[in-house]
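Please open the structure in the viewer and keep the selection tool at hand.

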Amino acid sequence: MNIAIIGSGLTGSLAAISLAKAGCRVDLYERLTDDELINRDRTYAITHSSRKILEKNGLWKQFESHLVPFQYLNIIDYELNKKFQFLINDLSISDKKYLAVGWIAEHKNVMLTILKSISTIENINRIPTSIIPNTSNYDLVVVADGSNSNTKKKLKTPSLCFSYDQMCITVKVLLRGVKSNEAFEILNSEGPFAVLPLGGDLFQIICSQSIEKGKYNMSKSKSLFLDYLSSILPYGIDLDTIVDEPKSFPINFVFNYLFFSGKYIYLGETAHKFHPVGGQGLNLCWRDVDCLEKLISNKFLKNNHSFIPITYSLSRIFDVLSISIFTDSLVRYSRSNSYIFSLPRKFVFFLLKRCPIFRKFIINAMTNGF
Ligand SMILES: Cc1cc2nc3c(=O)[nH]c(=O)nc-3n(C[C@H](O)[C@H](O)[C@H](O)COP(=O)(O)OP(=O)(O)OC[C@H]3O[C@@H](n4cnc5c(N)ncnc54)[C@H](O)[C@@H]3O)c2cc1C
């Protein structure tokens, strides 16, 4: 099959590798240079679903040396003043042997590893442009040009979009009083935030808060910003230094529920973008890639490729919809500080602590999808 992929971000690039390995001839279109693709300051939580996809594509060994594993995932609810820990033992038997609840990766290393792999695969042709000259040459066009996709706009594909009245602030810090193998997901009434290990004392803070408060905090001097961060960290964790410049970005929700238009198939952030809470973003994008690869490897669909878009759409809807509802509920749960919600919140924590089946269901849904 001849396939065009628009966009060489982490979704488009992994799709190129995966589909080329499945025997397709791939033209990969990207408007940015490699330096621009690599030098993005983002940190990802990698789950077991991504680990399996990377293993399948022969990339896991190259990735592993750049990843920081964590063995403890702490969930803290500030409103209830309660803490709970997911452990390796909560994972399924096949995931347990990797001795990590998940891994943290920096964008630079992930992108570099993927681009290196692409350069060794013969049937991927990288084309540095934003315009495909003739789409009739292709059996399928994979659209992976991000959440502001121009292709999607041109094709007038309907999607459900809204902006949260929140922004996300990310910053690297040195911390004391925390182990280098633990991650935190903190439910705070301002908005959920995560503390992710980057090796040794270095951690990434990703916090969401109201746009008004976020702008105010971003305008603070470094020392006042450090004081602010210290005030929101869990008791017992001390902040030593801010290592880089804090960055902020708006948070919106995009759900392209059709997943395709004719022979154009939407993957990654072109199809869905959620609140960063729960670290599901990249993992969900890569599950799209895996699903498409499985369909293209199917003998019947390979010979009848006009059925691939609709089959892809039906195969992805449940996982994407479930994760979108799950992350959105987590945001609303975190911000619901009214006493009416206190009882259900206590009940959820009770179930997490006392009911191993519930705990395993939640961690397996977070790590392997639905
Ligand atoms: C500011 C920011 C911070 C983020 N932080 C996190 C985080 O901390 N953790 C996390 O898990 N996720 C994070 N995400 C989300 C994460 O980056 C994405 O889930 C992941 O990168 C996969 O994206 P993608 O490849 O689908 O889209 P993108 O990364 O947006 O890639 C789309 C690519 O398409 C290219 N393109 C666009 N139009 C065209 C065209 N017409 N022709 C050719 N190429 C085109 C773009 O140049 C780009 O390279 C963040 C996203 C943003 C925007």
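Select R316, which is buried, with a relative accessible area of 5% (buried means under 20% relative accessible area, exposed over 50%, and partly exposed in between, with a 1.4 Å probe and protein chains only). This is a predicted model, in which local features need pLDDT of at least 70 and side-chain atom pairs count only at pLDDT 80 or more, while totals for chains, interfaces and linings use all residues. Residues are numbered from 1 along each chain as its sequence is written, and side-chain values use heavy atoms, with hydrogens and water left out.

R316 and D319 form a salt bridge, with their closest N and O atoms 3.0 Å apart (a side-chain nitrogen of Lys or Arg within 4 Å of a carboxyl oxygen of Asp or Glu). Both residues belong to helix α12 (residues 308-335), where they stand 3 residues apart, about one turn of the helix. Helices (H or I, at least four residues) and strands (E, at least two) are DSSP runs, numbered from the N terminus.

E55 is partly exposed at 32% relative accessibility, whereas R51 is buried at 3%.

Now select D95, which forms a salt bridge with R51 at 2.9 Å between the closest N and O atoms. R51 lies in helix α3 and D95 in helix α5 (residues 93-96), so this pair ties together parts that are 44 residues apart in sequence. Both R51 and D95 are buried.

Select D41, E106, K172, D244 and K247 together; a network of salt bridges links them. Across the whole structure, a search finds 20 salt bridges.

**Last stop: the second largest pocket**

Select F326, L330, V348, L352 and I362, which are the closest to the centre of the second largest pocket among its 17 lining residues. A pocket is, on a 1 Å grid over the protein atoms alone, an open set of points where a 1.4 Å probe fits, with protein on both sides within 12 Å along at least five of seven lines; lining residues have an atom within 4 Å of a point. Helix α14 gives the largest share of this lining, 5 residues.
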